[in-house]
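Student: I've just opened this one and could use a guided tour. Can we go through it bit by bit?

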Amino acid sequence: MATFTQLPSGKWRVQVRIKDYYKSATYPLKRDAQAWATQVEAQVGSMQITGYQAIPQGYTIGKLIETYLEDVAPKGRSKLFTVQMLKDKLGANQLKNLSPIMLRDFVNDRLKTAGGVTVGGDLSALGTILKYGRHVLKVDINPDIAKTARADLGARNVDTRGQERDRVATDDEIKRLCDEWKSNKLLTLPMVALTRFALATTMRQSEICSLTVEDIDAKNKTALIHDRKDPRRKIGNHQTIPLLPDAWAIVEPIIKKKKEGSLFGANSRSVSARFTRTCTKLNIKDLHFHDLRHTAITNLFKAGLQIQQVALLSGHKDWKMLARYTHVKAADVHKSFEGLK
């Protein structure tokens with residue numbers, strides 16, 4: 001029950017006591033104190049019945065997103081960009097008014113400028129925030145409303161699956177790229193070494209550029225990759241991979257000269273831009289630096305490594321995911337079979 005006391009200042013103190021629950025506040029006007037008490041009593045009543053707090057009056061989607069950002073602090077530019085976009089487009093709406101109709105209108109607006117994969121990711125991010133609100137803040141909201149909206153994309157024939165690339169670099173393309181970089185006397189980026197290292201390790205561009213001399217174990221010929229990409233847990237997902245002969249041949253002379261700091265001294269964005277510009281100059285179509293990872297994994301399978309060995313290098317936790325990278329052709333099977341005779 002709520003009790004109201006007028007203070008000497010003329011303001012009103014309101015106190016709500018329900019069993020072991022107690023909360024108080026002070027307002028200039030009694031009607032404001034009464035409105036606050038009614039809201040608090042409704043929230044407490046809801047918590048006693050459902051175990052969840054009723055959505056506070058005036059509580060916006062934006063406020064929920066702000067609380068989520070402060071508490072969880074998601075890592076990664078793309079995730080932060082998505083969450084900020086959700087706040088910009090949905091934040092002004094009352095959380096209690098979140099509905100399938102609101103999400104339908106949101107999806108319609110997003111599809112004007114974004115594809116199905118992106119919109120599906122937006123809704124997944126929203127679902128994560130709503131789950132946080134229900135399971136952490138204990139607010140009585142439906143966390144599955146975003147999941148349902150994502151499923152509805154299929155009913156309107158919107159493809160939420162990204163197209164899997166099957167592009168691998170040919171030996172001729174790699175040779176042409178390296179010859180071009182070797183002939184450029186003004187080039188300071190070690191593009192040849194970076195490319196050869198990617199092909200020898202399956203490492204991503206960002207992982208290679210983030211390597212330091214301290215990450216290299218000369219005794220065991222290994223490299224430590226920090227915060228390796230993972231769909232469930234990237235931060236703290238450190239992995240040690242073996243540096244096979246081709247990779248070690250690139251690293252060994254570097255660590256003999258450098259004792260600390262960046263291994264290659266290369267910026268990831270600069271590497272990406274140089275790779276793309278050179279491919280354009282040489283008329284090499286649709287080849288990205290990340291395709292070197294596909295190429296490396298394919299070559300490891302062709303060399304006869306087992307799936308668990310390749311997974312150790314590539315970092316894949318789910319071996320099924322490696323299937324998209326193998327690119328093994330019928331001729332490769334014939335060649336392997338002949339080698340068994």
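Student: Let's start with two helices: is the crossing of H12 and H13 left-handed or right-handed?
Tutor: Keep in mind that this is a predicted model. Helix H12 covers residues 291–302 and helix H13 covers residues 307–314, and their axes come within 10 Å. As for the hand of the crossing of H12 and H13, it is right-handed.

Student: How do H12 and H13 run relative to each other, roughly parallel or roughly antiparallel?
Tutor: Look at the angle: the axes of H12 and H13 cross at roughly 155°. Angles over 145 degrees count as roughly antiparallel. Therefore H12 and H13 are roughly antiparallel to each other.

Student: On to the strands. In what order do S1, S2 and S3 sit in their open sheet?
Tutor: The pairing in this sheet of 3 strands is antiparallel. S1 (2–6) and S3 (21–27) stand at the edges with a single partner strand each, so one side of each is left without a neighbour in the sheet. The twist averages 15° from one strand to the next. Reading across, the order is S1-S2-S3.

Student: How many bridges join S2 to S3?
Tutor: S2 takes in residues 12–18 and runs antiparallel to S3. One spot to look at is Ile18, which stands opposite Tyr21 in S3. The number of bridges joining S2 to S3 is 7.

Student: There's another open sheet, with S4, S5 and S6. Which strands stand at its edges?
Tutor: These 3 strands are in the order S4-S5-S6, with antiparallel pairing. Each edge strand has a single partner strand, so one side of it is left without a neighbour in the sheet. The edge strands are S4 (216–217) and S6.

Student: What is the bridge partner of Thr222 in S6?
Tutor: S5 (residues 222–225) and S6 pair in the antiparallel sense over 4 bridges. Thr222 has its bridge partner in S6, and that partner is Pro242.

Student: Which residues of S6 are on its covered face?
Tutor: In a regular strand the side chains alternate between the two faces of the sheet. S6 spans residues 239–242, and its uncovered face has Thr240 and Pro242. The covered face has Gln239 and Ile241.

Student: Now for charged pairs. Which residue does Lys87 meet in a salt bridge?
Tutor: The structure holds 10 salt bridges, and in this one the N to O distance is 3.0 Å. The pair links distant parts of the chain, 21 residues apart, with Lys87 in helix H3 (residues 77–90) and its partner in helix H2 (residues 61–72). That partner is Glu66.

Student: Is Lys87 buried or partly exposed?
Tutor: Buried means under 20% relative accessible area, and exposed means over 50%. Lys87 has 26% relative accessibility, and Glu66 has 30%, which also makes Glu66 partly exposed. With its 26%, Lys87 counts as partly exposed.

Student: What about Asp122: is it buried or exposed?
Tutor: Asp122 is in helix H5, where it touches Thr82, Met85, Leu86, Phe106 and Arg110, leaving out residues up to four places away in sequence. Asp122 also forms a salt bridge with Arg110, the closest N and O atoms being 2.8 Å apart. Its relative accessibility is 2%, so Asp122 counts as buried.

Student: Which residues are joined with Arg204 into one salt-bridge network?
Tutor: Arg204 forms a salt bridge with Glu207, the closest N and O atoms being 2.7 Å apart. Both Arg204 and Glu207 are buried. Through salt bridges that share partners, Arg204 is joined into one network with Glu207 and Arg228.

Student: Last one: what separates the C-alpha atoms of Arg196 and Glu66?
Tutor: Arg196 is found in helix H8 (residues 191–201), and it is in contact with Ile174, Cys178 and Ile250, leaving aside its neighbours within four places in sequence. Arg196 and Glu66 are 130 residues apart along the chain. Their C-alpha atoms are separated by 44 Å.

Conventions: Residues are numbered from 1 along each chain as its sequence is written. This is a predicted model: local features need pLDDT of at least 70, side-chain atom pairs count only at pLDDT 80 or more; totals for chains, interfaces and linings use all residues. Side-chain values use heavy atoms; hydrogens and water are left out. Buried means under 20% relative accessible area, exposed over 50%, partly exposed in between (1.4 Å probe, protein chains only). Two strands pair if DSSP finds at least two bridges between them. Axes are lines fitted to C-alpha atoms, for helices over the stretch in contact, and angles run from 0 to 180 degrees between N-to-C directions. A salt bridge is a side-chain nitrogen of Lys or Arg within 4 Å of a carboxyl oxygen of Asp or Glu. Angles under 35 degrees count as roughly parallel, over 145 as roughly antiparallel, 65 to 115 as roughly perpendicular and the rest as oblique. A crossing is left-handed if the near helix is turned anticlockwise from the far one by less than a right angle, and right-handed if clockwise. Contact means heavy atoms within 4.5 Å.
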